[in-house]
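Subject: Structure for you to look at, with notes on its salt bridges

Dear colleague,

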Amino acid sequence: MRKTSATWKIYRTRFLIKARQLTQPLLFVDALGREHRGEPGDYLVESSDGARRIAPRLIFEDVYVAMGPANERWPSPRIPDVALPAPKRRVAPTSVATA
C-alpha cells in the first residue's frame, strides 16, 4: 500500500475575534470594496485590526468557541496591551585573582 498523504496534524485558530449573531439581514461594503451579505443567524465578525466580515452560522459555530463577553477596550495591534518590565541589566562576573 502506497502512502498518498502526510500524517494528520492538529490545528487551531490563532486569532481572537469579536462577533455578534445577526437578528436581521445585513449588507455592507468593506474598505476594499467587497460586498458582504448576512442573514439572520449568521455572524458579523470583527478582527482586532477593525476589519469586518460575515461568517455563515454553520461555519462560525464549527470553528469558534465563545470565551465570554467582549470588553469595550479591544486590543490594538499597534499598542501593546501588557506593560513589559524593564530589562534587567546584566553584570559581568568579577574576576578572581589567584595567588
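Helices (H or I, at least four residues) and strands (E, at least two) are taken here as DSSP runs, numbered from the N terminus. Please bear in mind that this is a predicted model, in which local features need pLDDT of at least 70 and side-chain atom pairs count only at pLDDT 80 or more, while totals for chains, interfaces and linings use all residues. Residues are numbered from 1 along each chain as its sequence is written, and side-chain values use heavy atoms, with hydrogens and water left out.

A search of the whole structure gives 5 salt bridges, a salt bridge being a side-chain nitrogen of Lys or Arg within 4 Å of a carboxyl oxygen of Asp or Glu.

One of them joins Glu 61 and Arg 57, with an N to O distance of 3.2 Å. These two residues lie 4 residues apart in helix H1 (residues 57–63), and are therefore separated by about one helical turn. Glu 61, at 40% relative accessibility, is partly exposed, and so is Arg 57 at 35% (buried means under 20% relative accessible area, exposed over 50%, and partly exposed in between, with a 1.4 Å probe and protein chains only).

Arg 34 pairs with Asp 30, their closest N and O atoms being 2.8 Å apart, and Asp 30 is buried, with a relative accessible area of 13%. Arg 37 forms a salt bridge with Glu 35 at 3.1 Å, N to O, and Arg 37 is exposed, at a relative accessible area of 57%.
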